[in-house]
Structure formats: structure tokens, C-alpha cells
Amino acid sequence: MNLLRKLITQLETPREQRPLGSGWLSGSLALLAAITGMLIVLLRWFPETFSYPEIAFIQESGVVTIFLRFVLLSGYALSLLSLILSARKSLGWTALALSVIASLMATTQPELGTAPQSLYFGLDYFIINVLVVGFLFVPLERFFPHHGDQTVFREEWQEDMFYYLVSSMLVQILGFITLAPSNYINAQADLDGVRATIVALPFWVQVIVIMMATDFVQYWVHRAFHTFPALWRFHAIHHSTKKMDWLAGARMHFIEIAVLRSLTALPMFTLGFDPAAIQAYLLIVYFYSSFIHANIGWKFGFIERFFVTPRFHHWHHGSDRAAIDINYASHFPIYDWLFGTHHLPEKDWPENYGVVGNTVPKGYWKQFIYPFTKPKPTDPPQMPGE
Ligand SMILES: [Zn+2]
Ligand SMILES: [Zn+2]
């Protein structure tokens, strides 16, 4: 009911407090579109309860389907716009949630079959992501937390949820960017001999080899992002979170995602692995990257020497002196051993998280342009090691 009260307060914002561009109009229209869409979907789900047989021909003509798609897409786009523009998010999130539910109901409607998936962009993907990963990690974080006082809806969770939403929505575009360098190499290099050897390996060996190869590339790309000032300004966004949980890992600048994914994908897509092994790897990484950011206080004992754990990656996010420029690996700590950046005290966790000097602004769009802006003369040193 708290949400309902917030929603009503936001809807009733006095005119002078809601100039154009404040997200109020887009949010209100989004809510209107979402409710309209929901009603149409309900009409189609329960035709005998809600519709009059006299107007059934309208339903059958296909006009309603087109209108429904238009309404749902408007609800979706307008709620995103409102979330971007408005400081208060109740309206945007409610409209988005309603649009999502209505879209899901529309695609799973009995009898009339499914609407084309492509119309909903990556939205379906986002929902599945959040539901699956959230339902796995939220209970684990509640039962086995390292920071016991941290709540699910911690500070800036909406910002990180928005990061999650954006990267899920861009999954198709990102897929294209990600594959570009690999496609280039595939067209240029003659790797048939290597590929024949690799595809002959047992399935699980292939999965391990993919993990080793991608993490090796990831280690050096990640280290480069920490080493060069211009790159660090992109990567600082990922480090700006002060509360670690399963959602925190989603905070990453778009450019960094594109660079990191396309370079780490290079060995995966050029060395001729079995597509099933690649699928298995992607599934593992999908959970693993949320896991290492999660607020889970499990003790892993000797396993910590071989695999990256939450404690290991939390040290990477630490803002204290001992936690600067260490633990770059995301699967195998051995790379940090080999290249001299390993740091894992017996039992301790880092005290604080974040970027030294708090130079990164809050909010998705401010963070989006942050790497392209000049450092302020008053800012403390940008580089983590300084
Ligand atoms: Zn880092
Ligand atoms: Zn991280």
C-alpha cells in the first residue's frame, strides 16, 4: 500500500512541480497505456465475462491485436522514458511492471497463440533474467549474508536494476558487436588444425578450456581498464557501487561491456569449440558473475585457491589501501598468482567498497557520460593506485 500511496502522490504532483521533461507526463501516459493494455488482455483472456458478442467481430478482425501491441509498446517506451527523466520512480516502475505483465499475458494467451517475440525487444529476456537470478540469490543473501544488515532494496538498487534492464534489452545489439571481432578473425585466419584438435576434446574439458581462455583474456583486459586513466574512467562506474550484492555486478558502462565481451569472446568463437560447450559456458558465467558480487558469506576453505568466490571478488571492489589493483580474475585466481596481483587474507573481508574519493556521479545517464567528461581539478587522483 506504501507503493500505492507513493504512486498517487506522484500522480498528483502540482503543475508547477512537473515541467516538461520531469518524467511526469511520460509516466502518467505510460500508466494509462499499461492499464489500457491490461484491460484489452483481460478482455481477450476472458471473452465470455467481459465482451459483448455484438462487438466480437472487432476482436476477430485483427485490429485489436495491432492496437494492443501499440499500446503495450507505448507503455513500455514511456515508462522507460519516465524512469530516465524522473527522480521519483514509482510511476515509471509501476507502469513498466504492468506493461510487462500484460505483455507476458498477451504472449501466453490461451487459444489465440503467441504474439511475435521480437516486438518485446529484450524485455522477455530481462524478466527471465531477474526472475531466475533474483529468485536464486535473494534468498541466499537473506540466509547467508556477509553484511547481515544489508537489505534487498539497498541504496541505489533502482539504478542497478536499470543497468540490468538496459543490458538485457541490448542483448541483440550487444551480440552483434560482440561477434564482430571473432567474425573478422574467422574470415582471416586459417585455424582448421587447432579447431579439429579442440572439437575432439571431451565436452567438460572444452568447457574448462573455454573458461581458462576467456578468463586469461578477461584478466588482461580488466587490468588494462585499471591501468590506463582513460579506460579507468569507464571501469570506475563498475567500482562505484558501495553495497555489494547479486545486482551490483550489472553496473557497467556500455562501452566496457562491448569491449570486454567482444575481446573475451575471441578465443571462444575462433578456436572451434562445440557450440554446446559454449552454451554451457555462457550458462555458468551467467550465474557465476552474479554470484561473485553477491552478499553471500559462505566460507569456501581450500576451494578459494582454485575458484573465484564472493570474498575474492569483494576484495577487488574494496576501497581500502590493501584492496587496490588486486584480484582481476573472474574465474580462476591462479592468474592473479601468476601475474602478481593476488590478495586474499586468511578470513577477512574488505571494510569498505567503492572508488577512492567518490568521483563517480550517481544515476545511469550521469555515469554514462562521466568517462567522456574532463576530470575536475578538485577531484582526488583518478587512478586507484595513486
Ligand atoms: Zn575492476
Ligand atoms: Zn565486479
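## How H11 meets H12

At what angle do the axes of helix H11 and helix H12 cross? In this predicted model, the axes of H11 (residues 203–227) and H12 (residues 229–239) cross at roughly 105 degrees and come within 6 Å.

On the H11 side, the contact is made by Ala-224, Phe-225 and His-226. H12 brings Leu-231, Trp-232, Phe-234 and His-235 to meet them. Sorted by class, this contact has five nonpolar residues and two polar ones, with no charged residues.

## The chain as a whole

Stepping back, we find a chain with 17 helices and zero strands. Of its 386 residues, 32% count as buried.

Take the contacts between residues at least 6 apart in sequence: 75% of them join residues at least 24 apart.

## The largest nonpolar core

The largest nonpolar core has 48 residues. Those that touch the most other members are Ala-30, Ala-34, Leu-72, Ala-95, Ala-102, Tyr-164 and Ala-329.

Several helices give two or more residues to this core, among them H2 (24–45), H5 (63–85), H7 (123–143) and H14 (275–293). H6 (90–107) gives the most, with eight residues. H8 and H15 (310–317) are also on the list of elements giving two or more, and both are described below.

Let's begin with H8, which covers residues 157–169. Its 13 residues reach 18 Å from the first C-alpha to the last, close to the 18 Å expected at 1.5 Å a residue.

The buried residues are Pro-310, Arg-311, Phe-312, His-313, His-314, Trp-315, His-316 and His-317. H12 and H14 are included in what covers them.

## A look at Leu-42

Finally, find Leu-42 in helix H2. Leu-42 has 14 C-beta neighbours inside 10 Å and therefore counts as partly exposed; a buried residue would need 20 or more.

How values were computed:
Residues numbered from 1 in each chain as written. Chains lettered and ligands numbered in written order. Predicted model: local features only at pLDDT ≥ 70, side-chain atom pairs only at ≥ 80, totals over all residues. Helix = DSSP H or I, 4+ residues; strand = E, 2+ residues; numbered from the N terminus. Expected span 1.5 Å × (residues − 1). Axes fitted to C-alpha atoms, helices over the stretch in contact; angles between N-to-C directions. Contact = placed C-beta atoms within 7 Å. Nonpolar A, V, L, I, M, F, W, Y, C, P; charged D, E, K, R; others polar. Core = buried A, V, L, I, M, F, W, Y, C linked by C-beta atoms within 7 Å. Buried ≥ 20, exposed ≤ 12 C-beta atoms within 10 Å, placed from the backbone.
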